[in-house]
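Reader: I work with computed models and would like a careful look at a single residue and the surroundings that give it context. Please describe the part step by step, with the cut-offs behind each term.

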Amino acid sequence: MRRIADVICQHTKDSRIIPLRIRVEDDDGELQTYAIKGYRMLNAAGKTILPNEVSVSSHIRYYECKINTFGREKVIYLTYNYILIMYVGI
């Protein structure tokens, strides 16, 4: 399920983006805030290497992140379109 999320990020001088916190609306319409406990960028610096070893650059970055919800660790996926807005896949 894709949802639009508020995300607090740290931007480094070498153009890396580090997600720190997310805030999403739950099924009941209430805003829930989660601290990101760990993350992994799935396409480094907006570049993806295709199976035929062709390098493709994009303005979309993908992250795999870990959060704690109700005492359990959960993996979520963030899609960051730095032309538009940040989405979270839960």
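In which strand does arginine 40 lie?

Author: Arginine 40 lies in strand 5, where a strand is a DSSP run of E with at least two residues, a helix is a run of H or I with at least four, and both are numbered from the N terminus. The model is predicted, so that local features need pLDDT of at least 70 and side-chain atom pairs count only at pLDDT 80 or more, while totals for chains, interfaces and linings use all residues. Residues are numbered from 1 along each chain as its sequence is written, and side-chain values use heavy atoms, with hydrogens and water left out.

The protein has zero helices and 10 strands, and its elements, read from the N terminus, run β-β-β-β-β-β-β-β-β-β. Of its 90 residues, 27% are buried (buried means under 20% relative accessible area, exposed over 50%, and partly exposed in between, with a 1.4 Å probe and protein chains only). Arginine 40 has a relative accessible area of 46%, and it therefore counts as partly exposed.

The side chain of arginine 40 takes part in a salt bridge with glutamate 64, whose closest N and O atoms are 3.1 Å apart; the term requires a side-chain nitrogen of Lys or Arg within 4 Å of a carboxyl oxygen of Asp or Glu. This pair links distant parts of the chain, since glutamate 64 belongs to strand 8 and arginine 40 to strand 5 (residues 38–41), 24 residues apart. Arginine 40 also has lysine 66 at a C-alpha separation of 9.1 Å, although the two are 26 residues apart along the chain.

That bridge is one of three salt bridges found in a search of the whole structure. Side chains of opposite charge can pair when their charged atoms come close. A further bridge joins aspartate 27 to arginine 3, with the closest N and O atoms 2.7 Å apart. Aspartate 27 sits in the loop between strand 3 and strand 4, and arginine 3 sits in strand 1 (residues 2–4), so this pair ties together parts that are 24 residues apart in sequence. Aspartate 27 is exposed, because its relative accessibility is 67%, whereas arginine 3 is buried, because its relative accessible area is 17%. The remaining pairing is between aspartate 6 and arginine 23, whose side chains meet at 2.9 Å, N to O. Aspartate 6 is in strand 2 (residues 6–11) and arginine 23 in strand 3, so parts 17 residues apart in sequence are tied together. Aspartate 6, at 40% relative accessible area, is partly exposed, and arginine 23, at 38%, is likewise partly exposed.

Arginine 3 leads on to the largest pocket, where Arg3, Asp26, Gln32, Tyr34 and Thr69 lie nearest the centre among the 13 lining residues. A pocket is an open set of points on a 1 Å grid over the protein atoms alone, where a 1.4 Å probe fits, with protein on both sides within 12 Å along at least five of seven lines, and lining residues have an atom within 4 Å of a point. The volume of the largest pocket is about 270 Å³, which is the space filled by probe spheres set on the points. Strand 3 (17–25), strand 4 (31–35), strand 8 (60–69) and strand 9 (72–81) each supply at least two residues of the lining of this pocket.

Leucine 78 lies in strand 9 and is buried, because its relative accessibility is 1%; its C-alpha is 5.0 Å from that of tyrosine 63, 15 residues away in sequence.

Finally, the loop between strand 8 and strand 9 holds phenylalanine 70, which is exposed at 81% relative accessibility. Phi of phenylalanine 70 is near 55°, a positive value in a residue other than glycine. Most residues other than glycine have a negative phi.
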